[in-house]
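Trainee: I would like to go through the terms used for this model one at a time, setting each value against its definition. Could we begin once the structure is in view?

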Amino acid sequence: MKAYSILQLPDGTKLAYEVLGSDHKRASVPLVYVGGMTTCRGDSEKVSSLVAKHRQVLIYDHRGMGDSRAREDDPFTIETLARDLLSLIQHLQWSEVALCGHSMGGIVVQSLLFLPFHRTNPTPLPFRVTHVVLVCTSFRPNPEPYGLKLPKRPKGPLTPEIIRETVRLSFPPALDPEWFASEGNQKRIEELIDRAFIGRPFKTLLQQKRAASQYNFTGFHSHLSPDTQFMIIHGELDQVAPFTNLQGFLTRIPWARMVPVGDGPGSLPTLRFGHDWIEYFDPQVWCGVFEAFLQTRRKEKAVL
């Protein structure tokens, strides 16, 4: 078990977090990674551990997930999760941060950026956000048939074998049929199924699903500042958040750039990947994409 720290919030919530890359303290702007629905902080390790060779990386468990704790009757919302993130960054006393949000985590990142413009409880951010990476995420609740589908409870007694098969059936939409059927990925699928049984209470997953379907960002993107650089990453094979969201973000954030695609450094070889982006390509490819973007300045143009 890796060592982690706990931040206790006024409502009793305890957030478990780790700061990777402590050797790079004050060397570069730290990256805050905000995971998606069903995820725990260690799920990004393949990439976050590599980025941590260049800068500090904050990874954490959302309330009620992993090593974090929340009230039994906690009806949290996307805004709640955004304010959790605000408290965590404040606690670390970082004056500048870069943010990366995947899926529900991307929604939480947007909600954090919109807090200063909240209609009833505006809250300034006591730090500067230099860069934002939005990965396979949305700017409005996903329409049918998209969205993460949680498995239904099978009828009859729940044997370990039935539970395992039920979890297995929930994975294909987060990847893609070809990846899931590939013989070379079967061992990894079993590892993902094993991981799904650790620190992911079904009651919390249901509340995450509810929260991710009940937010409204209409009109808020116009408040964002061009001083913050944005990169949008979205795979063509995503079955959870529609690929058309990529263009939707570029329309709402005109200075945002799409992740470069090609053979050059800091580029992806293709956009042929599914919702669980981290399972595609060599982790070094993703690290290169992040580092190339995080080193850009305000007026640089993306190479598409």
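**Terms and cut-offs**

Mentor: Arg83 and Glu79 both belong to helix α2, where they are four residues apart, about one turn of the helix; helices here are DSSP runs of H or I with at least four residues, strands are runs of E with at least two, and both are numbered from the N terminus. The model is predicted, so local features need pLDDT of at least 70 and side-chain atom pairs count only at pLDDT 80 or more, while totals for chains, interfaces and linings use all residues. Residues are numbered from 1 along each chain as its sequence is written, and side-chain values use heavy atoms, with hydrogens and water left out.

Trainee: What makes the pair Arg83 and Glu79 a salt bridge?

Mentor: The term requires a side-chain nitrogen of Lys or Arg within 4 Å of a carboxyl oxygen of Asp or Glu. The closest N and O atoms of Arg83 and Glu79 are 2.9 Å apart, and the pair therefore qualifies. The structure holds 22 salt bridges.

Trainee: Why is Glu79 called partly exposed?

Mentor: Buried means under 20% relative accessible area and exposed means over 50%, with partly exposed in between (1.4 Å probe, protein chains only). Glu79 has 28% relative accessibility, and therefore counts as partly exposed.

Trainee: Which parts of the chain does the salt bridge of Asp61 with Arg41 link?

Mentor: The side chains of Asp61 and Arg41 meet at 2.6 Å, N to O. Asp61 is in the loop between β4 (57–60) and α2 (78–92), whereas Arg41 is in the loop between β3 (31–34) and α1 (45–51), so that the pair links distant parts of the chain, 20 residues apart. Both Asp61 and Arg41 are buried.

Trainee: Why is α4 called roughly perpendicular to α6?

Mentor: The axes of α4 (residues 160–169) and α6 (residues 186–196) come within 10 Å and cross at roughly 115 degrees. Axes are lines fitted to C-alpha atoms, for helices over the stretch in contact, and angles run from 0 to 180 degrees between N-to-C directions. Angles under 35 degrees count as roughly parallel, over 145 as roughly antiparallel, 65 to 115 as roughly perpendicular and the rest as oblique, and therefore α4 is roughly perpendicular to α6.

Trainee: Which residues make the contact between α4 and α6?

Mentor: With contact meaning heavy atoms within 4.5 Å, Arg164, Val167 and Arg168 of α4 take part, together with Ile189, Glu190, Ile193, Asp194 and Ala196 of α6.

Trainee: What ties Glu190 to Arg168?

Mentor: Glu190 forms a salt bridge with Arg168, the closest N and O atoms being 2.4 Å apart. Glu190 lies in α6 and Arg168 in α4, so this pair ties together parts that are 22 residues apart in sequence. At 26% relative accessibility, Glu190 counts as partly exposed.
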